[in-house]
Amino acid sequence: MPSSLDELPACVRLEAHATARHKAVAASDISPGSVILEVPSMVVLLLSSDKGRRCDFCLCSGAPEIRLVKCTGCASYWYCGPQCQTLHWGSHKKFCKRLASFMASADFQYIEAHEQLDALLHTHLIAEIASNASSDITAKQLSTFMSLLPGPPHDSLPIACPMSVGADVHQILEALFTRSGNNNFAIHSHLNTIAHGIFPLASRLFNHSCLPNAAARYVIRRGQPVRMEIVALREIKATEEICIPYVDPALIESRQQIFELTYGFSCTCPSCNFISTLGSIPSLPVSEAALQKLDNTLQKHCFLSSDIDDSTPFVGLTLPDLPKNLYPVLRESYLSRLTDTFSRSSHEGSYHVALDVGLTVLAVYLLIYPKNYPQIGMHLLEMAKTGWNAVIATEHDNKHQVLAKTSLLKRARVYRNLASNILEVFGPEGDPAGPLEEVALLKKLLDGEP
């Protein structure tokens with residue numbers, strides 16, 4: 001796997017960029033679902049919410065047949081076996097005995113949660129470089145990492161767990177700190193964030209867009225370092241720039257502030273340019289009746305009808321096409337309200353409510369996300385599962401109920417097919433038995449297969 005600019009795949013080349021130093025462009029046409037680049041992690045840091053549930057080295061989740069073993073030195077790190085613990089020990093031993101006292105210190109306890117995550121990620125990075133600097137892969141990754149642009153200046157440098165390092169590492173501590181905060185990725189399994197990691201070559205190559213043509217997925221295998229794969233979401237023509245999202249494009253109101261504070265740039269993608277022309281996004285109506293009217297209006301503008309099919313289900317509404325009376329749907333609180341209602345209704349058995357609200361969520365996703373974006377596929381899968389649950393819960397004692405059940409079954413199949421189309425492009429990622437396996441199982445259920 002490549003670790004430096006000297007090892008780029010044949011489908012990618014680096015060119016000058018007017019504002020971002022360089023850009024990665026397609027050297028030839030790239031088809032949807034193609035892996036553009038595969039790179040190993042330099043360091044990973046498991047989120048505290050997954051501690052004791054996943055291996056701190058390979059990030060694999062515990063299974064009934066595999067009992068995670070706790071590090072007896074720090075009592076904070078867990079491993080799925082001796083192999084992972086041995087592979088991690090080279091860097092982990094640098095701070096193992098000091099970690100508990102560091103995390104209990106006032107310096108650590110009195111900082112925000114995201115700053116604590118940064119402090120631990122810095123700790124991992126320093127330990128990795130100090131213990132493995134002589135290895136060829138680490139040396140290449142470090143060289144690429146040091147070529148990254150530093151983030152915006154801060155009042156103080158992040159803290160890290162004390163450890164013994166050589167003079168060569170001590171001299172570059174500040175340079176490491178100023179680059180790690182704006183050059184780490186959220187590692188996800190089935191699109192749920194489980195860790196953060198540093199992948200220097202991916203940071204060096206790919207600029208951000210809120211309408212990306214590629215996205216990162218992660219390969220998690222027992223006993224192996226985590227790998228990132230950059231996957232084409234649609235056809236990318238030769239000479240076209242390859243862009244990935246640095247943050248969730250759904251953060252319409254807050255993403256520019258994140259870019260400026262974390263990355264030191266302002267996004268000028270078509271989506272952000274349109275949002276900038278609005279000035280302030282209009283407020284949402286207060287009454288539930290007015291919100292329901294807004295939901296219905298958005299659905300009518302985005303779908304031919306609620307009885308969609310999997311050939312031409314969408315009108316194709318884009319941000320510039322959005323009528324002014326629908327601008328309030330761009331508020332982040334609007335999508336949060338919808339997704340909360342969808343999740344609650346589908347889990348509580350209010351399947352018809354969930355399906356209606358879910359259609360509005362889909363309308364927002366199609367408005368803000370690019371083609372084949374994985375979150376759209378995951379939502380469609382949840383819609384299909386909700387549709388199947390509605391089929392099971394519907395009686396069929398009379399003609400009206402039989403017709404209702406037939407309609408639900410048709411809709412569930414459509415959602416499943418649409419989900420399959422998108423998720424097959426993005427491909428398998430994270431833990432085994434993921435969304436693609438759910439799609440296959442749902443197909444058997446919906447088609448009445450044994």
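Me: Is Asn 372 buried or exposed?

Reply: In this predicted model, Asn 372 counts as buried because its relative accessibility is 13%, and the limit for that class is under 20%. Asn 372 is located in the loop between α13 (351–368) and α14. Its backbone also deserves attention: phi is positive, at about 65°, although Asn 372 is not a glycine.

Me: How is the packing of two helices to be described?

Reply: Two packed helices are characterised by the angle between their axes and by the distance separating those axes. In the present case, helix α1 (residues 82–92) packs on helix α4 (residues 113–132) at an angle of about 95°, and their axes are 7 Å apart. α1 is therefore roughly perpendicular to α4.

Me: Which residues of α1 and α4 meet?

Reply: From α1 come His 88, Gly 90 and Ser 91, which meet His 124, Ala 127, Glu 128 and Ser 131 of α4. By class, the contact of α1 with α4 comprises one nonpolar, five polar and one charged residue.

Me: At what angle do the axes of α11 and α12 cross?

Reply: Helix α11 (residues 288–302) and helix α12 (residues 332–348) cross at roughly 90°, and their axes come within 13 Å. These two helices are therefore roughly perpendicular to each other. On the α11 side, Glu 288, Leu 291, Leu 294, Asp 295 and Leu 298 take part, meeting Tyr 334, Arg 337 and Leu 338 of α12. This contact of α11 with α12 has five nonpolar residues, no polar ones and three charged ones.

Me: Which residues does Thr 360 touch?

Reply: Thr 360 lies in helix α13. Residues up to four places away in sequence being left out, Thr 360 touches Asp 295, Leu 298, Gln 299, Tyr 334 and Leu 338. Thr 360 and Leu 338 are 22 residues apart along the chain, with their C-alpha atoms separated by 7.5 Å. Thr 360 is buried, since its relative accessible area is 1%.

Me: How many disulfides does a search of the whole structure find?

Reply: A disulfide is a covalent bond joining the sulfur atoms of two cysteines. The search finds zero disulfides here. For Cys 11, the closest cysteine sulfur is that of Cys 243, 15 Å away, which is too far for a bond. Cys 96 is likewise in no disulfide; the nearest cysteine sulfur, in Cys 71, is 3.6 Å away, and the criterion requires a pair within 2.5 Å. Cys 11 counts as buried at 18% relative accessibility, and Cys 96 counts as buried at 2%.

Me: How many residues has the largest nonpolar core, and which of them have the most contacts inside it?

Reply: That core has 67 residues, and Ile 36 and Phe 206 have the most contacts inside it. Helix α4 gives the most to this core, with seven residues. Phe 206 touches Ala 24, Ile 36, Leu 37, Ile 230, Ile 242, Ile 244 and Tyr 246, not counting residues up to four places away in sequence. Another core, of 60 residues, lies apart from the largest one; among its members are Ile 252, Leu 317, Tyr 327 and Met 378.

Me: Where does Ala 215 lie, and with which residues is Ala 215 in contact?

Reply: Ala 215 lies in strand β10 (residues 214–219). Leaving aside neighbours within four places in sequence, its contacts are Glu 229, Ile 230, Val 231, Leu 233, Ile 244, Pro 245 and Phe 426. Ala 215 counts as buried, at 5% relative accessibility. Between the C-alpha atoms of Ala 215 and Ala 232, 17 residues apart along the chain, the separation is 6.8 Å.

Me: How far apart in space are Ala 390 and Lys 140?

Reply: Their C-alpha atoms are 54 Å apart, and the two residues are 250 residues apart in sequence. Ala 390 has its place in helix α14 (residues 374–393) and counts as buried at 2% relative accessibility. Beyond its neighbours within four places in sequence, Ala 390 is in contact with Tyr 351, Leu 355 and Leu 408.

Note on methods: Residues numbered from 1 in each chain as written. Predicted model: local features only at pLDDT ≥ 70, side-chain atom pairs only at ≥ 80, totals over all residues. Heavy atoms only, no water. Axes fitted to C-alpha atoms, helices over the stretch in contact; angles between N-to-C directions. Helix = DSSP H or I, 4+ residues; strand = E, 2+ residues; numbered from the N terminus. Parallel < 35°, antiparallel > 145°, perpendicular 65-115°, else oblique. Contact = heavy atoms within 4.5 Å. Nonpolar A, V, L, I, M, F, W, Y, C, P; charged D, E, K, R; others polar. Buried < 20%, exposed > 50% of the residue type's maximum accessible area, 1.4 Å probe, protein only. Core = buried A, V, L, I, M, F, W, Y, C linked by side-chain atoms within 4.5 Å.
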